Amino acid sequence: MQNIATVLKQLGIKKLNESVCTGVNWISAVGSTNREIVSPVDGKKIGSVVFATETEYEAVMKRAQSAFPIWRAIPAPKRGDIVRQYGNVLRTYKDQLGALVSYEMGKSLQEGKGEVQEMIDICDYAVGLSRQMYGLTMPSERLNHRMFEQWHPLGVVGVISAFNFPVAVWSWNAMIAAVCGNVTVWKPSEKTPLSAIACMNLMKLVLEENNLPEGVFTLVNGDAGIGKMMAEDKRIALVSATGSTAMGKSVGKTVGERLGRSLLELGGNNAIILSEHADMNMALRAVVFGAVGTAGQRCTTTRRLMVHEKIYDGFIKKLIKVYKQLSIGNPLDENNHVGPLIDQAAVKQFSNAIEQLKKEGGKVLFGGKVLSGTGYESACYVQPAICEARNTYKIVQEETFAPILYVMKYKNISEALAMQNDVKQGLSSAIFSNNIRETELFLSSAGSDCGIANVNIGTSGAEIGGAFGGEKETGGGRESGSDSWKAYMRRQTNTINYGDTMPLAQGIKFDLG
Ligand code: UN1
């Protein structure tokens with residue numbers, strides 16, 4: 001990997017007090033506290049960022065509001081062309097942005113680059129979509145009438161994103177919102193502001209090249225206070241928020257009180273059901289990546305594994321063997337499988353969860369230690385854990401954002417399905433089985449209650465083409481592919497009378513004599 005100073009330079013990150021972007025210009029956030037951004041990889045300071053206050057937030061909002069009518073007036077396929085150009089800039093800077101994401105967040109370089117690839121993919125998707133935002137035409141019951149629907153942009157869309165996907169989740173929202181004709185205000189996680197600054201620097205290249213005004217894509221680096229302002233702000237038609245269920249409940253409530261729209265993508269408690277009819281080698285790879293990839297910090301991470309009793313002992317033995325071979329260390333070194341957690345608070349949550357599991361009667365089968373010494377100076381590295389548990393344990397019912405895999409036995413498929421569904425969250429789920437009766441039951445309405453249900457594929461690593469999100473406390477929102485774009489638009493039903501009479505619907509007579 002390249003030197004991080006070079007990466008920062010290539011991504012245009014120089015003056016780190018400029019963390020609020022109007023798309024074209026940077027505004028210095030004065031009078032606020034200076035935040036040091038420390039890498040979880042080596043504990044070293046990457047830079048510092050001055051967080052926005054209400055003053056800078058207002059400045060950005062004003063620009064977003066005035067940009068909306070200009071952006072909306074540009075034909076959708078031309079808006080798509082701007083997004084296409086951004087996709088190309090991302091292709092050019094994929095290695096640099098991937099490296100920064102990896103260093104700032106702690107995910108592996110492969111996954112950092114993969115995240116940028118996810119951005120490129122959504123750009124391509126949005127370009128195609130910019131010519132396909134179809135409305136329906138439906139037959140009118142009245143003579144010489146035509147009835148149809150149109151989709152119009154909402155206005156200003158607010159995007160609140162989480163640290164674990166510092167750039168991709170913004171792009172899912174912002175690129176789709178943009179082709180729909182909206183402008184966006186982005187508040188990234190306070191833990192990963194630099195990756196967001198880099199995204200805006202790259203966007204600036206495209207906006208300037210096309211003489212676009214300030215306010216189309218904007219960024220406000222700040223803490224939870226900015227998120228609260230966004231939730232309360234009537235000028236923001238839709239708030240799309242990714243993060244914890246606690247955060248989502250607060251955003252959903254505040255936005256709901258003003259009857260605004262929210263799109264929530266919150267916690268998951270994702271399970272894999274491993275049947276005795278599964279291909280064990282495929283399942284093993286998927287379980288390990290699902291549970292330890294991104295150090296267990298994806299909302300789609302595999303947190304629970306239900307194994308059929310007949311194969312339980314054998315599979316767990318194999319799983320432990322693979323966990324023993326995992327190399328944990330600097331995620332920028334491609335030989336390592338597992339990088340650090342985001343910060344020491346996350347390490348504490350990991351250790352607390354393991355303590356609580358033991359108190360509830362669970363057993364650590366492997367791992368669970370906090371690592372220290374050479375290579376682990378940041379104190380953010382942990383050994384992924386495999387824990388024997390019951391689905392009813394309080395700790396198993398919670399989402400702990402760390403690599404802890406709770407394993408449990410089941411006797412028959414209905415019991416496994418009941419356990420899979422018996423949690424508050426409903427994001428992702430999977431079954432490994434070559435038995436069509438089991439897999440079809442899993443996918444049926446009596447099966448998984450999650451937004452994502454996979455067969456012979458793990459719970460994480462969804463493609464952008466599908467709608468992404470989940471049910472219950474996951475929040476119900478859908479982002480990314482399929483017809484998720486409709487969430488960023490308002491539907492208008494139009495009826496035109498091209499006749500010379502004035503008939504009323506439902507056959508109502510209203511004669512004026
Ligand atoms: C998230 O963790 O918030 O399906 C998003 C996946 C990724 C996205 C995860 N494509 O694992």
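Start with the ligand: select it, and note that it sits in the second largest pocket of the protein. What you have open is a predicted model.

Next, select the residues around the ligand. They are Glu-118, Asn-164, Phe-165, Trp-172, Glu-265, Arg-298, Cys-299, Thr-300, Ser-460, Gly-461, Ala-462 and Phe-468. Colour this shell by residue type: 5 of its residues are nonpolar, 4 are polar and 3 are charged.

- Glu-118: a polar atom of its side chain is 3.1 Å from a nitrogen atom of the ligand.
- Cys-299: here the backbone takes part, with one of its polar atoms 2.8 Å from an oxygen atom of the ligand.
- Thr-300: the side chain has a polar atom that lies 2.7 Å from an oxygen atom of the ligand.

How much of the ligand does the protein bury? Taken alone, the ligand exposes 320 Å², and the protein buries 99% of that.

Where domain 1 and domain 2 touch, the contact takes 24 residues from domain 1 and 22 residues from domain 2.

Finally, bring the ligand back into view with both domain colours on. Which domains supply the shell around the ligand? Domain 1 and domain 2 each contribute at least three residues to the shell.

Conventions
Residues numbered from 1 in each chain as written. Predicted model: local features only at pLDDT ≥ 70, side-chain atom pairs only at ≥ 80, totals over all residues. Heavy atoms only, no water. Near = heavy atom within 4 Å. Polar contact = N/O pair within 3.5 Å; in protein donor to acceptor, adjacent residues only side chain to side chain. Areas by Shrake-Rupley, 256 points an atom, 1.4 Å probe, with all protein chains shown as cover. 1 Å grid on protein atoms, 1.4 Å probe; cavity = no way out; pocket = protein on both sides within 12 Å on 5 of 7 lines; lining within 4 Å. Sits in = over half its atoms within 2 Å of the grid points. Nonpolar A, V, L, I, M, F, W, Y, C, P; charged D, E, K, R; others polar. Domains from an automatic or database assignment. Contact = heavy atoms within 4.5 Å.
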